[in-house]
Amino acid sequence: QETLPSAPPTIPSLATTGTPLPPTPPVAPRGPLVAPTEKIEGHLRVGFDVLAGYTFQMAKEDAGVAQAGEPAVAAKAFGQTPEIVRKLDGQKVLLTGFLLPMKMEGPLATEFLLVANSMLCCYGVVPDMNQWVVVKMTKGGVKPQQDTPVQFFGTLRVQPRFDAGALSAIYHLDAERPRVAK
């Protein structure tokens with residue numbers, strides 16, 4: 001029985017899961033993506049219906065940079081991301097999701113994954129790369145909460161990033177502050 005790695009950089013890196021992935025299909029929207037327009041406290045409310053509202057797949061061999069190099073892998077990842085999502089890069093946003101701690105400072109999580117639902121990652125289901133956001137608190141941290149959605153205000157980055165020679169994430173949030181979702 002395969003166990004998931006516990007080190008934060010390898011949780012859900014496609015190049016390190018050891019699971020063969022199907023070839024990358026053309027981008028297939030799950031439904032019409034609609035640009036978010038609602039603002040809360042000066043931040044655009046962005047949901048996983050937009051961030052994960054399209055098919056994102058990359059074959060294991062395509063996620064590693066050893067042969068193709070970071071620019072080629074980044075271009076392939078970025079090419080799958082719809083323009084409506086790419087335009088969110090650098091925007092002040094409010095995201096809602098479930099917290100999966102990656103780095104703790106005392107009792108507070110300072111870096112974590114934000115996922116669309118509590119069944120992703122925590123129970124062995126590795127989500128597609130567009131179904132999580134890597135969050136880094138710019139000040140302090142947050143108390144990890146299980147099974148409770150949390151909202152975070154911050155600046156969204158839609159940029160492929162690499163860790164240990166593999167594509168590790170496409171979404172990042174520099175989080176300013178949290179609040180419990182209502």
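Predicted model: local features only at pLDDT ≥ 70, side-chain atom pairs only at ≥ 80, totals over all residues.
View A. Leucine 108 counts as partly exposed because its relative accessibility is 31%, and partly exposed covers the range between under 20% (buried) and over 50% (exposed). Setting aside neighbours within four places in sequence, leucine 108 is in contact with Lys103, Gly141, Val142 and Lys143. Proline 144 also belongs in this view: 36 residues separate leucine 108 and proline 144 in sequence, yet their C-alpha atoms are 6.7 Å apart in space.

**View B. The hairpin of E3 and E4.** Strands E3 and E4 are paired antiparallel, with seven bridges between them. To find your way along the pairing, look for phenylalanine 98, whose bridge partner in E4 is valine 115. Two residues lie between the strands of this hairpin, and glycine 106 has a positive phi near 65° there.

**View C. E3 alongside E6.** Now follow E3 to strand E6, which spans residues 150-163. E3 and E6 run antiparallel and are joined by six bridges. A handy landmark is glycine 97, with valine 150 as its bridge partner in E6.

View D. Leucine 44 marks the spot, as its bridge partner in E3 is valine 93.

Terms used
Residues numbered from 1 in each chain as written. Heavy atoms only, no water. Buried < 20%, exposed > 50% of the residue type's maximum accessible area, 1.4 Å probe, protein only. Contact = heavy atoms within 4.5 Å. Pairing = 2+ DSSP bridges. Helix = DSSP H or I, 4+ residues; strand = E, 2+ residues; numbered from the N terminus.
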